[in-house]
Amino acid sequence: MFVGEDEDEDEDEYDEEDEEYEDEWDEESEETGVQSIQGLKTTYMILEEGSGRRVKRGSQVLVHAQGFLRDSLKHFWHTRDPGQKPFRFSAGGGRVIRGWDEQGCIGMLQGEKRRLWIPSEEAYKSAGFPAWGIPPNSNLIFEIEVLEILQ
């Protein structure tokens, strides 16, 4: 997903935390509280309310995040995986996939946890992301927690 990420992780690693999320992921149409984002196909649900400052375009944001393939729920990345750390990015800066960058994180409050359903055209499209085992044209699910809004 990001330039310069470590590609040596075991892609087949699976833990009990993955199992607890599988039960929560019914089809999007069955979820309550799913919200759309104007101009995008990405949708989201607030899992935990935050408070305080809000992420705006240009904000430097520190997040915990995890990603799954929507079709199989295969885990491909988590900032809490061994050797990983919270991820820092500039909201709206074009350095992460569109489903995150355009609006997926913009508007989140510090401390908020959000689940994003990102279609392939707002993720890695036909290229996929082979380093993380993301096939071409994959729809993704991310859970993002805003730890800190740095500026």
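Visitor: Of the contacts with a separation of 6 or more, what share comes from residues 24 or more positions apart?
Guide: Keep in mind that this is a predicted model. Looking at contacts in the chain with a separation of 6 or more, residues 24 or more positions apart account for 71%.

Visitor: Which pattern does the chain follow along the sequence?
Guide: Start with the inventory: the chain has 2 helices and 7 strands. Reading along the sequence, you get α-β-β-β-β-β-α-β-β.

Visitor: Are the planes of Trp77 and Trp100 stacked, edge-to-face or tilted?
Guide: The whole structure holds 11 aromatic pairs. For Trp77 and Trp100, the ring centres are 6.4 Å apart and the planes sit at 40°. Stacked needs under 30 degrees and edge-to-face over 60, so this pair is tilted.

Visitor: Where in the chain do Trp77 and Trp100 sit?
Guide: Both Trp77 and Trp100 are buried. They're 23 residues apart, so to speak linking distant parts of the chain. Trp77 belongs to strand S4 (residues 75-78), and Trp100 to helix H2 (residues 98-101).

Visitor: Which residues form the aromatic cluster?
Guide: Trp77 and Trp100 are both in it.

Visitor: Which residue lies over the face of Tyr44?
Guide: Here a charge sits over a ring, at 3.9 Å from the ring centre of Tyr44. The residue is Arg114.

Notes: Residues are numbered from 1 along each chain as its sequence is written. This is a predicted model: local features need pLDDT of at least 70, side-chain atom pairs count only at pLDDT 80 or more; totals for chains, interfaces and linings use all residues. Side-chain values use heavy atoms; hydrogens and water are left out. Helices (H or I, at least four residues) and strands (E, at least two) are DSSP runs, numbered from the N terminus. Contact means heavy atoms within 4.5 Å. Rings of Phe, Tyr and Trp (its six-membered ring) pair if their centres lie within 6.5 Å; planes under 30 degrees apart count as stacked, over 60 as edge-to-face and the rest as tilted. Buried means under 20% relative accessible area, exposed over 50%, partly exposed in between (1.4 Å probe, protein chains only). A charge sits over a ring if NZ of Lys or CZ of Arg is within 6 Å of the ring centre and within 35 degrees of the ring normal.
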